Amino acid sequence: MNFKVLIFLDFILGGLWLLLLKLRRRKLRHADQEFDRIVVLKFIGNGSLVSSAPSLYAIKRRYSGAKMHLYTTGKLVDQVKILKIFDDFTLLDFWHPLRSSIRFFRLRRQVLSGRTLIINLEFHSKIALALSVALRGNHVVSLSKKGCDISDISVPVGGDHEFFIYDALAGALRAETDFAAYRNYLNSDVETENFPRLVIAPFCSNLSLRRKWDKAKWSNLIADFSAAHPEYTIAVIGSPSDRSEAQQIISGASNVAKVHNYCGETDFSAAFEIIKKSSCFCGIDSAPLHLSRLAGVPSVSLWGATDPEILTVKIEKYPEIIIFARQKCSPCVHTEKRCEISGGCINTISEKLVFNSIEKILNGNISDRNILINNMENNVI
């Protein structure tokens with residue numbers, strides 16, 4: 001069953017379920033009470049879960065003593081170990097509905113046994129929203145594209161908002177996101193030894209492939225960097241399903257003796273360890289980028305269909321270059337805008353611009369956040 005079929009089923013089945021739940025409209029309740037359990041729903045997209053971690057950490061500290069439970073799928077379960085904020089998890093298996101139903105009712109029994117806050121991060125999914133309400137927690141907070149009157153609090157996503165969405169989520173619960181505090185907590189036991197290594201992360205989830213940069217451009221970048229820095233190794237990271245495409249990228253470059261394809265060889269946790277011990281990271285809007293920012297590894301990131309101002313928060317004294325290929329229709333992901341150029345915006349970014357940005361990072365010329373706007377005429381402003 002492909003991703004488009006899952007989206008269609010979510011729209012039909014989730015829509016019907018929400019309609020039934022709306023017939024039993026919930027009375028709005030405030031989040032002033034204390035909770036002993038927080039259940040977070042996130043099923044697709046490692047990157048957004050990583051991005052939300054500092055805000056979830058702030059919420060967990062706001063309700064001190066509460067256990068945080070992740071309701072998720074097998075693809076995201078590595079995050080329990082990496083992010084260090086979840087005390088437990090429950091797996092949803094789309095292909096085994098009976099098993100998933102049993103797990104759901106076990107989780108609901110735990111929810112009903114105490115005071116529980118439900119946080120739904122899956123704003124693409126109607127089924128996730130229905131599940132968040134059906135768990136019958138004491139309070140439900142959801143991210144939503146168009147607003148939702150079935151949750152106690154709905155935090156809008158997309159449109160013309162210029163705030164970091166997860167800061168807004170924390171603020172709705174009267175918690176204040178402190179990125180530095182979470183990063184210090186996450187990296188408290190990390191060794192600072194770095195290797196002369198560039199990490200390349202060209203891949204993303206199926207939520208939107210418009211985020212991807214052309215394979216030939218990645219090949220050219222690898223070839224140029226290998227020629228300029230023979231002392232560096234290059235690590236290409238991704239999931240097992242990305243291995244074949246990663247090999248095509250590597251094969252399309254020259255002088256690749258020190259390029260290694262880690263796709264399928266490492267799990268998400270091991271990939272994070274590779275990132276943490278590297279000199280620089282280069283990638284698109286996906287989970288590895290957000291992990292590099294959490295680890296404090298200097299980064300060059302490429303954007304087009306998504307907006308870095310909404311999906312990242314500025315980190316003080318963190319060297320990064322954000323290249324945003326902003327077109328008249330971008331960002332078209334997580335918004336109501338329609339893509340007019342078939343996701344081609346990110347491919348207006350040249351290999352030379354990316355290479356020069358990496359050079360600036362490695363030479364120590366960047367000490368803070370730099371955003372380069374690559375406009376419709378392919379000029380950097």
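The model is predicted. A search of the whole structure finds eight aromatic pairs. One of them joins Tyr57 and Tyr185, with ring centres 4.9 Å apart and planes at 15 degrees. Planes under 30 degrees apart count as stacked, so this pair is stacked. The pair also links distant parts of the chain. Tyr57 lies in helix H2 (residues 46–62), while Tyr185 lies in helix H7 (residues 179–186). They are 128 residues apart.

Another pair is formed by Phe104 and Phe105. Their centres are 5.2 Å apart, and the angle between the planes is 75 degrees. This pair is edge-to-face.

| Residue | Relative accessible area | Class |
|---|---|---|
| Tyr57 | 13% | buried |
| Tyr185 | 31% | partly exposed |
| Phe104 | 8% | buried |
| Phe105 | 46% | partly exposed |

Ring pairs link Tyr185 with Tyr57 and Tyr182 into a cluster. The charged end of Lys84 also sits over the ring of Tyr185, 5.4 Å from the ring centre.

Phe272 has a charge over its ring too. Here the charged end belongs to Lys276, and it lies 4.6 Å from the centre of the Phe272 ring.

Definitions and conventions: Residues numbered from 1 in each chain as written. Predicted model: local features only at pLDDT ≥ 70, side-chain atom pairs only at ≥ 80, totals over all residues. Heavy atoms only, no water. Phe/Tyr/Trp six-rings, centres within 6.5 Å; stacked < 30°, edge-to-face > 60°. Helix = DSSP H or I, 4+ residues; strand = E, 2+ residues; numbered from the N terminus. Buried < 20%, exposed > 50% of the residue type's maximum accessible area, 1.4 Å probe, protein only. Lys NZ or Arg CZ within 6 Å of the ring centre and 35° of its normal.
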